[in-house]
Amino acid sequence: MTASQARVAVVVPAAGRGERLGGGVPKALRPLGGRPMLVHAVQSLATAELVSQIVVAAPPTLVEVVSRLLGPDVRVLPGGAERIDSVRGALRALDDDIRVVLVHDAARPLTPPSLVDAVARAVLGGLPAVIPVLTLADTVKEVDADGRVLRTPPRGGLRAVQTPQGFRREVLEAAYTSSDGDGPAVTDDAGLVERLGVPVATIPGSDEAFKVTRPADLVFAEALLTRRPLAESGRTS
């Protein structure tokens with residue numbers, strides 16, 4: 001499968017409330033540099049060379065608002081109660097000829113288009129599932145429910161996972177079809193794919209693809225945004 005043989009779509013689950021970030025609005029619509037984070041995220045996806053369709057799962061009461069923000073080239077539909085419901089619904093809305101699906105967090109608004117293309121290219125090159133990752137700078141502890149340390153896993157074998165995560169369409173659909181809510185909770189789409197026994201490959205991530213979760217993350221994102229060229233940040237004079 002090559003870029004000339006397959007179309008690539010990106011699913012963006014953006015229906016979450018994001019209560020840790022505060023601000024009184026859904027996290028994806030929290031302003032960053034004068035525009036909602038979701039707008040920044042979708043702009044990066046639309047700028048990527050290999051992406052041909054973008055589907056956004058928005059808060060059900062804000063579908064029309066989000067549609068106006070993102071324009072006619074982005075399909076916006078109501079998201080579900082949980083992230084897994086939003087992605088499942090978005091998968092059903094993809095064009096029939098889509099063969100590669102990326103899933104991207106709206107809360108990673110500064111993800112470079114080059115990383116989006118790198119993930120898509122890896123799947124187009126034959127890998128069934130690909131995720132961008134970073135090495136860890138901090139020591140990680142495994143703790144029990146009371147906060148007591150159980151062990152210190154070797155840092156060399158650990159990675160922080162980012163998005164977009166990329167999959168062959170049939171692989172991701174099979175993962176969501178087989179997911180019934182039972183078993184250990186998973187926090188990303190690759191976790192569902194791993195349950196199928198499908199190998200998940202990694203590629204180098206990007207420092208700019210960090211997730212905005214807390215107010216301090218938003219401050220950092222604002223600082224990075226001011227350092228970007230105008231054309232890259234999407235701002236106009």
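How many aromatic pairs does the structure hold? It holds one. The model is predicted: local features need pLDDT of at least 70, side-chain atom pairs count only at pLDDT 80 or more, and totals for chains, interfaces and linings use all residues. Residues are numbered from 1 along each chain as its sequence is written, and side-chain values use heavy atoms, with hydrogens and water left out.

The pair is Phe210 and Phe220. Their ring centres lie 5.0 Å apart and their planes meet at 40 degrees, so the pair is tilted. Rings of Phe, Tyr and Trp (its six-membered ring) pair if their centres lie within 6.5 Å; planes under 30 degrees apart count as stacked, over 60 as edge-to-face and the rest as tilted. The pair links distant parts of the chain, 10 residues apart. Phe210 sits in the loop between strand E12 (201-204) and helix H7 (215-227), and Phe220 in helix H7. Helices (H or I, at least four residues) and strands (E, at least two) are DSSP runs, numbered from the N terminus. Phe210 is buried at 14% relative accessible area. Phe220 is partly exposed at 46%. Buried means under 20%, exposed over 50%, partly exposed in between (1.4 Å probe, protein chains only).

Next, helix H1. Eight of the 11 residues of H1 (residues 37-47) are buried, so the rest of the structure largely encloses this helix. Among them are Met37, Leu38, Val39 and His40.

Now the charged side chains. A salt bridge puts a side-chain nitrogen of Lys or Arg within 4 Å of a carboxyl oxygen of Asp or Glu. The count comes to 10. One joins Arg108 to Asp105, with the closest N and O atoms 3.1 Å apart. Both Arg108 and Asp105 are buried. Arg148 and Asp144 form another at 3.4 Å, N to O. Here Arg148 is exposed at 51%, while Asp144 is partly exposed at 22%. Arg169 meets Glu173 at 2.9 Å, N to O. These two are four residues apart in helix H5, which means about one helical turn separates them. Arg169 is buried at 11%; Glu173 is partly exposed at 30%. Elsewhere, salt bridges that share partners join Arg83, Asp105, Arg108 and Asp189 into one network.

Asp188 is buried yet has no salt bridge. Arg83, the nearest side chain of opposite charge, is 7.4 Å away. (Lys and Arg count as positive, Asp and Glu as negative; His and the chain ends are not counted.) Asp188 lies in the loop between helix H5 (169-178) and helix H6 (189-195).
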